[in-house]
Amino acid sequence: MSNNDHSGFRPEIQGLRAIAVMLVLVYHIWPAWLPGGYTGVDVFFVISGYLITALLVRELEFTGGISLPKFYVRRARRLLPASLITLVATLAATVLLLPVTLWRDTAHEVGAAAMYFENWWLAFKAIDYLAIESNPSPVQHFWSLSVEEQYYFVWPALLAGVYALVRRLMGAGSFRTACSACLVLVIVASLGYSIHSGLAGETAAYFSSFSRVWQLAAGGLLALLGGGKARTPVLVAGLLGILAAALLLDNDIAYPGYAALLPTVATVMAIQAGAAYSQSRLTRWLGYRPVQYLGDISYSLYLWHWPVIIFAKHRFGDSIGPAGNIALLLASIVLAGLSKHFIEDRFRSGQATRSVPSWRVLSYAMSASLACVGLATLLVLSTGNESQGPSSAGNSAYPGAATMLRPGPLPAATNTSFLPALVNVEDDVSIAYAQGCIQNIQGVDVKTCVFGKDTARYKIAVVGDSHAVHWFPAFEEIARHSDVQVVGISKTSCITAGLPLQHLKLKGDYPQCTEWTNNVIAYLNSRHFDYVILSQSPKHRLYGMQAEGPSASASRLAAGMRKVWSGLARGPKVLVLRSTPWQPTLVRECAASRGLEFPGCTGTEKTVLSYDVMSRFAQLAHYPLIDFTDLFCRDGRCPAVIGNVFVYRDAHHITATYARTLAPMLAERLSLPGAAAVAASLPAGSEARINARPSPALASQDRGEAFADGCVQSLKQHAVISCRYGLREGKPRIAVVGDSMGANLVPALNAAVTTKRWSMDTYFKDSCLFGATPVYNRRLKRAFTECSRWNAAVLRRLQSTAPDLVILMQSPQYIDKRAHTYDEASPALERGISAHISALNDAGIRVAVLRYLPWMPFDVPQCLMTRGDVEQCSTTRALGMRDGPLLRIARRSTEITVIDINDAFCGPKACMPIIDGLLVYRDAMQPTATFARTLDDEIAGQLSPLLKNGPAGMAKRTLH
C-alpha cells in the first residue's frame with residue numbers, strides 16, 4: 001500500500017499498485033465480480049517487501065549500516081499524515097453518521113489502527129464468539145497497514161544484524177547469500193504456519209503478522225537475488241496469475257494458507273519480469289497515464305475507499321444501486337487524489353518539512369498518533385455517559401416478558417426508557433461468557449456452567465449452542481429461587497445432530513461438533529439429571545448444503561438429533577425449547593438509527609419464526625416442545641422492546657435482562673420444581689425505588705484510587721508498576737499484592753494507612769495470580785506469560801525492599817490450563833502461591849491473606865434496576881462465600897494470617913446489595929469505592945495488632 005522510496009522509478013511496479021488497489025476496491029463494492037479481490041492486499045505485501053528490502057540492502061552495502069532514524073522519518077512522513085487524518089475524519093463521521101451502538105467499537109479500532117496493531121485487534125475478534133456478528137468498522141482495512149508497519153519495525157534490525165554477523169564471520173561479500181538463506185527460513189516457517197492455521201480453521205490467522213510475513217519476505221528474497229532476464233511471457237503469466245486469484249478464490253477458502261501461493265508467486269513473477277512491460281502490447285498498458293495515476297494515489301485510495309463504503313451503506317443500506325456504487329468508486333478516487341496532493345506530497349517532500357530534524361519529526365509523529373488515540377478514548381468515554389439508563393426504577397417499570405401476559409395492546413416504548421441502554425445491549429449477555437464455561441469452536445470436552453447449590457434436590461441440564469446460552473440467565477434465576485441446580489452445557493455454533501456441519505468461520509466441516517456431541521451424551525449418562533432441556537439455533541446447515549439455506553438441512557438435522565438423543569439413558573425428562581425469533585436486522589443498530597418504536601427493525605411473526613429443526617426433532621422423538629412465542633410476539637408483531645426491556649442483543653440472541661424476566665414463565669411451562677417460588681420472587685406491582693449511593697446506573701464508574709491512579713497493570717504489561725499511599729516514609733511499611741479484585745479495596749486501605757501514618761505500596765495486575773505457577777488467561781486465549789514475568793519481577797522487588805508485611809488480595813477464580821476447572825487447577829496454583837510465600841518468609845517478610853470477598857450470583861446494579869427490590873437482589877451467606885487456592889494455603893499454614901472482613905458485607909444469613917444506604921457492589925463481585933471506604937476502621941483494627949506483634953505476628957490467626 002505504501003509508496004516506498006527506491007532508486008530508479010519503475011512504472012511497472014506503479015502499475016502493479018494500481019492493479020492491487022483496484023482489485024480491493026472492486027471487491028469491496030462489487031464482491032460478486034471479483035470474489036477473490038481481497039488478494040490485492042497480497043500483491044501490496046510482496047511489493048512492499050521487495051522495495052523496502054532493496055532500499056535497506058543498498059544502504060547496507062554502500063554505507064555498512066542502516067540509519068534507523070532516517071528510515072523511520074521517511075516512513076513517518078510518507079505514511080502517518082494521510083492515515084491519521086483518515087482516522088480523525090472517520091471519528092468525526094462516526095459521531096455524525098453512525099448509530100451510537102457503533103461508536104465504542106469504532107473508537108476502539110481507531111485507537112488500534114493509530115498504534116498499528118489493528119490486525120491483532122481483529123484477530124482477537126475473529127476468535128471471540130460474541131463479536132462474530134459485529135458489523136465491520138470503517139477502519140477495519142487498517143489491518144494490512146498494521147502488518148506492514150510491524151514489518152518496518154522488525155526488518156531493518158534483522159537485516160542490519162545479519163549484515164554485521166556475516167561481515168564479521170565471512171566477509172561482506174557473503175551478505176546477500178546469508179541473508180537470502182535467512183529469508184528462505186522465514187518464508188518456510190511463516191508459510192508453514194499459515195497453511196497449518198488454514199487447515200485447522202483458525203480464522204484469526206487471516207490477520208496475523210505471523211501468517212503474512214512470508215509474503216513480504218518473498219518480495220525481499222526477490223530483491224536480494226536480483227532480477228533475471230526480463231521476459232514478456234513471465235510478466236504476462238504473473239499478471240494472469242494475479243487475475244486468476246481474484247476470479248477463482250473466494251470467501252469459502254481458508255486463507256491465507258496454501259491458496260495465497262497463487263497471488264504471491266504471481267506477483268513475484270510480475271516484479272521479476274516487470275522491466276519487459278514496454279516490449280509488448282499485452283503489457284504496455286501498465287505504463288499508461290491513468291494506470292500510473294491510480295498507482296500513484298494507491299495508498300490514499302486504499303485509506304479512504306473503505307470508510308466511504310461503510311458510511312454510505314449505513315446511510316443508504318441496500319438501496320445504493322449500480323449508480324450509487326459507481327458514485328462510491330468515483331468519490332473514493334477523488335478523495336484519494338485530494339489526499340495525495342494536499343497531504344501526502346506536502347508532508348513527504350514539502351519545503352516546510354524538509355528542514356525539520358529527525359528527532360522532531362518522530363516526536364511529532366508519536367504525539368499525533370497518541371492524540372488520535374486520545375480522541376478515540378474520549379469517544380469511548382462519551383458512550384459510557386450515554387449508557388447510564390435510569391438511575392433507579394421499580395420492577396413495575398421494567399416488567400419485561402410479563403407485559404405479554406397482560407390483556408390489551410402493547411404499550412409503546414421510547415428510545416430512552418428501556419433497559420439495558422442501547423450502547424450496552426451488545427454486552428448484556430449471560431455471565432457464562434465471562435466465566436469461560438462455554439466450549440469454543442476447537443474444543444471437544446464437556447464444559448459446564450453451574451447455577452445453584454450442589455445440594456439442590458433437583459438437577460437440570462441445559463444443552464445446546466448460543467441459543468441455549470441466552471436462556472442461562474433465566475435458568476440462573478430459577479436456581480436462585482428454588483431447590484434446583486442448573487448445569488449449562490454448550491458449544492459455539494454446534495447442534496447436537498451427530499452429522500457433518502458447515503461452519504462459516506471454519507469455511508468447511510465442523511468435526512469438533514460431532515465429537516463434542518458424543519461426549520455430551522456420555523457425560524449425561526454418567527450423571528443423574530431430572531431434566532434435560534435442549535435449545536438450538538434454527539439455522540444450522542449440513543456440510544455441502546450451505547448454498548441451499550437452512551430449511552434444506554432441517555429435516556436431516558432433526559433426524560440426526562433423534563438418533564443422537566436415542567442414546568440418552570432412560571431417566572431424565574427431555575424437553576425441547578422452540579427457537580426464539582430471528583429478526584431481519586441487527587436490532588440494536590437498527591434501533592439506534594430509527595425513531596420511536598424502531599419501525600422496520602423487527603419482522604412479523606410469520607417472517608421471524610419457522611417450523612425449524614427443533615420443532616421437527618420434537619415431533620420425531622416424541623419430546624414435548626415448549627413454545628414461548630407468545631412472550632416475544634403478539635398480534636403478528638415481534639417488537640424490539642417489551643415491558644421497557646430491550647429484547648435482542650443482535651438479530652436472534654436475546655439480552656440477559658429480558659431472559660431474566662422470562663424466568664417465572666419458563667419455570668411454569670417446563671413444570672420445573674419450585675415454579676411457584678420463582679413466580680413469587682417478582683414483586684407484582686411494586687413501586688419500590690432504589691435509593692443508594694452511588695446510583696446503580698453509575699456504579700460501574702465507582703472504582704477508586706488504584707484505577708484512577710493507573711496502579712492496575714493491563715493484561716499485556718509485565719514491567720512492575722507500584723503506587724504508594726499513606727505517609728511516604730511512614731512506618732511500618734505494607735505491600736499489597738493482587739489483581740483488580742484486590743485493587744477494589746485500596747480506598748479502604750488508603751484511608752486506614754493514612755490515619756495510622758503507615759506507608760503502603762501496591763502491586764496490582766489485571767487477572768494475574770501471585771504465584772510461581774503459570775496461569776491461563778481466557779481473554780488472551782493462551783498462557784498468561786506477561787503475568788509470569790510480572791510475578792518474578794514483583795517477588796524480586798519485595799525481597800529487595802523488605803516491607804514489614806505483605807498482604808495478598810486475589811480473586812479465587814484462576815486456572816493453570818485451558819481445559820481445567822477451578823478445582824482441577826487448584827493444587828498446581830496452591831504450589832505456586834506457596835513457593836512465593838516461602839520465598840518471602842525466607843527473606844524475613846511476613847505474609848497475610850485477605851479472605852475472598854462475598855461473590856453475588858448476579859450483576860447487582862442490573863438486578864436493582866430491573867427488579868427494584870433489595871431483597872430480590874440479595875443472596876445467602878453460604879452461596880456468597882468463595883473458596884480458592886489462596887484461602888486453602890492459609891488454612892494449612894501456621895505462618896499466614898487470614899484477614900476476614902466478610903462480616904462487613906454479610907449478616908449471619910444473607911449478603912445484601914445495599915448497606916446503610918450505600919451500594920455494596922458495582923457488578924457481581926467487586927465492591928464500589930464508596931462502600932469500600934467505610935471499611936477503613938475494620939481493616940486498620942485487624943492490621944494493628946498484627947503489625948505491633950513484631951515477629952510473633954507470624955503466628956497464624958484469623959482476624960474477624
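## Briefing on helix packing, surface and backbone features

The axes of helix α9 (residues 232-248) and helix α10 (residues 261-272) cross at roughly 150 degrees and come within 7 Å of each other. The model is predicted: local features need pLDDT of at least 70, side-chain atom pairs count only at pLDDT 80 or more, and totals for chains, interfaces and linings use all residues. Residues are numbered from 1 along each chain as its sequence is written, and side-chain values use heavy atoms, with hydrogens and water left out. Helices (H or I, at least four residues) and strands (E, at least two) are DSSP runs, numbered from the N terminus.

**Helix packing**

- Two packed helices are described by the angle between their axes and the distance between the axes.
- Axes are lines fitted to C-alpha atoms, for helices over the stretch in contact, and angles run from 0 to 180 degrees between N-to-C directions.
- Angles under 35 degrees count as roughly parallel, over 145 as roughly antiparallel, 65 to 115 as roughly perpendicular and the rest as oblique.
- Helices α9 and α10 are therefore roughly antiparallel to each other, and α9 passes α10 in a left-handed crossing.
- A crossing is left-handed if the near helix is turned anticlockwise from the far one by less than a right angle, and right-handed if clockwise.
- Helix α12 (residues 298-316) packs with helix α13 (residues 321-349) at an angle of about 135 degrees, and their axes are 8 Å apart.
- This pair, α12 and α13, is therefore oblique, and α12 passes α13 in a right-handed crossing.

**Nonpolar surface patch**

- Met115, Phe117, Trp120, Tyr193, Phe210, Met366 and Leu370 form a nonpolar patch on the surface, with about 660 Å² of accessible area together.
- Accessible areas come from the Shrake-Rupley method with a 1.4 Å probe; for residues, only the protein chains shown count as cover.
- Patches are made of residues with over 30% relative accessible area and no salt bridge; like charges are joined within 9 Å, nonpolar side chains (Val, Leu, Ile, Met, Phe, Trp, Tyr) within 5 Å.
- A salt bridge is a side-chain nitrogen of Lys or Arg within 4 Å of a carboxyl oxygen of Asp or Glu.
- Met366, one of the patch residues, is found in helix α15 (residues 358-386).
- With a relative accessible area of 45%, Met366 is partly exposed; buried means under 20%, exposed over 50%, and partly exposed in between (1.4 Å probe, protein chains only).

**Residue pairs separated along the chain**

- Ala20 is placed in helix α1 (residues 11-29) and counts as buried at 0% relative accessibility.
- The C-alpha atoms of Ala20 and Leu294 are separated by 9.9 Å, with the two residues 274 apart along the chain.
- Leu185, in helix α7 (residues 175-199), is exposed, with a relative accessible area of 62%.
- Leu185 and Ala217 are 32 residues apart along the chain, and their C-alpha atoms are separated by 9.6 Å.

**Backbone exceptions**

- Most residues other than glycine have a negative phi, and most peptide bonds are trans.
- Leu419 and Pro420 are joined by a cis peptide bond with omega of about -15 degrees; Pro420 is in the loop between α15 and α16 (422-425).
- Another cis peptide bond joins Lys731 and Pro732, with omega of about -10 degrees; Pro732 lies in the loop between β12 (723-726) and β13 (733-738).
- Tyr116, although not a glycine, has a positive phi of about 60 degrees; Tyr116 lies in the loop between α4 (103-114) and α5 (118-126) and counts as buried at 11% relative accessibility.
- Asn644 has a positive phi of about 60 degrees although it is not a glycine; Asn644 lies in the loop between β9 (641-642) and β10 (645-646) and counts as partly exposed at 25% relative accessibility.
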